[in-house]
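Welcome, and thanks for taking a look at this one. Please have the sequence and the 3D view side by side as you read.

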There are 2 protein chains.
Amino acid sequence: MPDTYKETNSELTSKELLQRYLQEQIPISSAMGIQIEEASCEKIVLSAPLQANINHKKTVFGGSLHAATTLACWSLIFLNLKDFEKPTEIVIVSSEIKYLLPVTADFKAECALPEQTEWHRFQHILRKKGKARIPLTAHIAQDNQLAVKFQGIFAAIIR
Amino acid sequence: MPDTYKETNSELTSKELLQRYLQEQIPISSAMGIQIEEASCEKIVLSAPLQANINHKKTVFGGSLHAATTLACWSLIFLNLKDFEKPTEIVIVSSEIKYLLPVTADFKAECALPEQTEWHRFQHILRKKGKARIPLTAHIAQDNQLAVKFQGIFAAIIR
């Protein structure tokens, strides 16, 4: 994140900061109707409407489910690293997704911080080597059933 | 695909049929600016502009790269099954994607039909059991270098 961006937006809550950042920097997230429902360093919840993401079967397009889970994970690292001692860049390296059930309504994608030891290891390597990778998982549930299971490997690089 | 759709659009080329189908049925593909460049039962090439799919690093958002490769694979099965003896539905079961290089310009996603034996096995099981799965790969190249490697498992079900 550019330093100027952080300074200009220092009065915003995490939720507002993230909403504005996604809207301004990743326009397809607006086309998808992505809304930040919950944003902390422990957990991100994004929502999106069926209608903007509908497919030929009147369910949510698989590409939109993947994009929403990717953004949830990316947002979690973004919030955790925004006050890191040096400016960083976050990129996705690879991902796997399983579509277990069709998503037939507006949906939420959730990503939670992994175990503290995993996160500390990531930060330690980032400090020491200037870059580090971390696996993050996200999911989409519908009627209390797991509909989408996502795992991505993300990399942070000190600029 | 509904039979009425096929009949109404019987005069269109594969490319026109696919472009219209994606636009009408999967609206996020229009937001992404997806264009059908090449459409045959052997190969699909889709293109999309950087601008509609840009991210905070001024490269293409990983979610858009995944959506484009997913659509390329889906389109290939769609064209191959549109004249199948019975109406079918096509869904994605799972996928893996590797982001090898950042994509910094307008891009093309390509998917080619797998070996004939693999395709025949898929059709045989579909006829026999009413449903079948097939792995398909797609890629995105930039300056003759592989930038994105995608593999998805797709399922077809006789309705």
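Here is a short briefing, grouped by topic.

This is a predicted model. In chain A there are five helices and six strands, and the radius of gyration is 16 Å against the 15 Å that the globule rule gives for 159 residues, so the chain is as compact as a globular protein of that length.

**Overall build of chain A**

- Reading from the N terminus, the order of elements in chain A is α-α-α-β-β-α-β-β-α-β-β.
- The C-alpha trace of chain A spans about 50 × 30 × 20 Å along its principal axes.
- Of the 159 residues in chain A, 52% are buried.
- Among the contacts in chain A with a separation of 6 or more, 68% are between residues 24 or more positions apart.

**Surface and charge of chain A**

- Chain A has an accessible surface of about 7400 Å², and carbon and sulfur atoms contribute 49% of that area.
- The side chains of chain A include 18 positive and 17 negative ones, and the centres of these two sets are 8 Å apart.

**A salt bridge between the chains**

- Which residue of chain A does Lys57(B) pair with in a salt bridge? The partner is Glu89(A), with the closest N and O atoms 3.1 Å apart.
- This pair crosses between chains: Lys57(B) sits in the loop between strand E2 (43-48) and helix H4 (62-81) of chain B, while Glu89(A) belongs to strand E3 (residues 88-99) of chain A.
- Lys57(B) is partly exposed at a relative accessible area of 28%, and Glu89(A) is also partly exposed, at 26%.

**Salt bridges within chain B**

- Glu85(B) and Arg127(B) form a salt bridge whose closest N and O atoms are 2.4 Å apart.
- Because Glu85(B) lies in the loop between H4 and strand E3 (88-99) of chain B and Arg127(B) in helix H5 (residues 116-129) of chain B, this pair ties together parts that are 42 residues apart in sequence.
- Glu85(B) is exposed, with 52% relative accessible area, whereas Arg127(B) counts as partly exposed at 46%.
- Another salt bridge joins the side chains of Glu89(B) and Arg159(B), at 3.9 Å from N to O.
- Glu89(B) is in strand E3 of chain B and Arg159(B) in the segment after strand E6 (145-158) of chain B, so parts 70 residues apart in sequence are tied together by the pair.
- Glu89(B) is partly exposed, at 26% relative accessible area.
- Through shared partners, salt bridges link Lys57(A), Glu89(B) and Arg159(B) into one network.

- Is Ile77(A) buried or exposed? With a relative accessibility of 1%, Ile77(A) is under the 20% cut-off and therefore counts as buried.
- Ile77(A) is found in helix H4 (residues 62-81) of chain A.
- Beyond its neighbours within four places in sequence, Ile77(A) is in contact with Ile90(A), Trp119(A), Phe122(A), Ile134(A), Leu136(A) and Phe154(A).

**Ile153(B), a residue of strand E6**

- Ile153(B) has its place in strand E6 of chain B and is partly exposed, with a relative accessible area of 26%.
- Ile153(B) and Ser95(B) are 58 residues apart along the chain, yet their C-alpha atoms are separated by 6.2 Å.
- Contacts of Ile153(B), leaving aside neighbours within four places in sequence, include Val91(B), Ile92(B), Val93(B), Ser94(B) and Arg133(B).

- Most residues other than glycine have a negative phi.
- Lys58(A), which is not a glycine, has a positive phi of about 65°.
- Lys58(A) lies in the loop between strand E2 (43-48) and H4 of chain A and is exposed, at 52% relative accessible area.
- Asn144(B) also has a positive phi, near 60°.
- Asn144(B) is in the loop between strand E5 (131-142) and E6 of chain B, and its relative accessibility of 83% makes it exposed.

Technical notes: Residues are numbered from 1 along each chain as its sequence is written. Chains are lettered from A and ligands numbered from 1 in the order in which they are written. This is a predicted model: local features need pLDDT of at least 70, side-chain atom pairs count only at pLDDT 80 or more; totals for chains, interfaces and linings use all residues. Side-chain values use heavy atoms; hydrogens and water are left out. Helices (H or I, at least four residues) and strands (E, at least two) are DSSP runs, numbered from the N terminus. The radius of gyration is taken over C-alpha atoms; the globule rule is 2.2 Å times the number of residues to the power 0.38. Buried means under 20% relative accessible area, exposed over 50%, partly exposed in between (1.4 Å probe, protein chains only). Contact means heavy atoms within 4.5 Å. Accessible areas come from the Shrake-Rupley method with a 1.4 Å probe; for residues, only the protein chains shown count as cover. Lys and Arg count as positive and Asp and Glu as negative; His and the chain ends are not counted. The place of a charge is taken as NZ of Lys, CZ of Arg, CG of Asp or CD of Glu. A salt bridge is a side-chain nitrogen of Lys or Arg within 4 Å of a carboxyl oxygen of Asp or Glu.
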